[in-house]
Amino acid sequence: MIYILLPAYNEEVDIDFLVPKISKYFSEELKWDYHILACNDGSKDNTKPKLESLKSNGLPITILNHKINRGLGETIRDLFEAAAEMASDDDIIIRMDCDDTHEPQFIKGLVDKIHEGNDVVIASRFVEGGGQEGLNAYRTFISKMANYFMKFFFPIKGLKEYSSGYRAYRASLIKHAIGTFGNSFIQLKGLGFSCTLEKVIKLKLLGAKFGEAPMVLRYDQKRGESKMVGSVTTFGYMVLVILYYWPWGGWRAQYKNVKKFS
Ligand SMILES: Nc1nc2c(ncn2[C@@H]2O[C@H](COP(=O)(O)OP(=O)(O)O)[C@@H](O)[C@H]2O)c(=O)[nH]1
Ligand SMILES: [Mg+2]
C-alpha cells in the first residue's frame, strides 16, 4: 500500500487538479493500492469542503482537520503520525505539495528506488531526467543557495536535492523515527518549511539510506500563492545548524547511541 500525504493550506484551486491526477495515475497506470491522507490546516478558503466532496465521490482519502492554521511543521507531524499508525512496515509513505507542482507520474521512480534498497528517496531536479519549469530567476537562485547551504552543513553522500518536499519513505523507517524521537521528530514546528530539512537530518542520524529519483518541478502549473516565508525558513535552517552541532556536539552527540535503522 502506498500512502500519499498532502498538507493543504488554502489550496482549493490546485487540489482540484492534483487529486484527480493522483487517482487516475494509480487506478489506470500503476494499478497499486493507495490511500490519501490530507490535512486541511485551518484553510480560509474551500479546501476542506473540496476534500470532503472528493471523499464522498469515493476517493480513498482520510481527512485530518486543524481548525486553526498551525503551519507546515505541525501538519507534517500529524500526517506522518497518522500514516505510521495506519501503515504496515513494508508500505511506502509519499509526501507531496498540494499546489500541483509535483506531478504524480514521478511516483513510480521514487518507489522503484525504494525497492532498490533506499529508505528515503527524494524527487530531485538535479539528476538526469529532472528539472524545473516556471521558477523565476530569484526563486531559482535562492533555492540553489539553500541547497548548497544544506549540503555543506549536512552532507549526505550522493544527495543534491534537500529542499524538495516530494519524497518517498519506508513506513518502517517513519515508525522507527517516531519511536526514537517522539514529539521531537519534528522539533522546529513554527519555523516555516525548515521541517522539510529537519526530517532529512533526523533520518540521517538514524543511518537511513538516501536516494534520488528524477522530478520536473512544474512551478508553471501553480495557480495559488506560494506559502513559503523565506525569512522564517532561512532562520529555521540556521537554528538547525546550531542544534546539530552545538552544544557539546549537538544532536550528533545526543543521538549518537540511538538504535539505528536497518
Ligand atoms: N498545513 C499547512 N500546509 C502548508 C502551510 N503552508 C504551506 N503549506 C503546504 O505546504 C506545501 C508547500 O507550500 P507551497 O506554497 O507549495 O510552497 P512552494 O512550493 O515552496 O512555493 C503546500 O502543499 C502547501 O499547501 C501551512 O501553514 N500549513
Ligand atoms: Mg510547492
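Biologist: How are the axes of helix α7 and helix α8 oriented, roughly parallel or roughly perpendicular?

Modeller: This is a predicted model. In it, the axes of α7 (residues 194-205) and α8 (residues 230-245) come within 9 Å and cross at roughly 25°. Angles under 35 degrees count as roughly parallel. Therefore α7 is, relative to α8, roughly parallel.

Biologist: Which class of residue supplies five members of the contact of α7 with α8?

Modeller: From α7 come Ser194, Leu197, Glu198 and Ile201, while α8 contributes Thr233, Gly236, Tyr237, Leu240 and Tyr244. Of these residues, one is charged and three are polar. The class with five members is nonpolar.

Biologist: Which strands form the edges of the open sheet?

Modeller: The open sheet has seven strands with mixed pairing, in the order β3-β2-β1-β4-β7-β5-β8. An edge strand pairs on one side only. The edge strands are β3 (61-66) and β8 (210-214).

Biologist: Which residue of β3 stands opposite isoleucine 36?

Modeller: Strands β2 and β3 run parallel and are joined by six bridges. Opposite isoleucine 36 stands a residue of β3, namely isoleucine 61.

Biologist: Which element supplies the largest share of the shell around ligand 1?

Modeller: There are 17 residues around ligand 1, and those that come nearest are Asp41, Thr75, Cys98, Ser226 and Lys227. At least two residues of the shell come from each of β1 (2-8), β2 (34-41) and α3 (71-86). The largest share is three residues, and the element that supplies it is α3.

How values were computed:
Residues are numbered from 1 along each chain as its sequence is written. Chains are lettered from A and ligands numbered from 1 in the order in which they are written. This is a predicted model: local features need pLDDT of at least 70, side-chain atom pairs count only at pLDDT 80 or more; totals for chains, interfaces and linings use all residues. A residue is near a molecule or strand if its C-beta atom, placed from the backbone, lies within 6 Å of it. Helices (H or I, at least four residues) and strands (E, at least two) are DSSP runs, numbered from the N terminus. Axes are lines fitted to C-alpha atoms, for helices over the stretch in contact, and angles run from 0 to 180 degrees between N-to-C directions. Angles under 35 degrees count as roughly parallel, over 145 as roughly antiparallel, 65 to 115 as roughly perpendicular and the rest as oblique. Two residues are in contact if their C-beta atoms, placed from the backbone, lie within 7 Å. Ala, Val, Leu, Ile, Met, Phe, Trp, Tyr, Cys and Pro count as nonpolar, Asp, Glu, Lys and Arg as charged, and the others, Gly among them, as polar. Two strands pair if DSSP finds at least two bridges between them.
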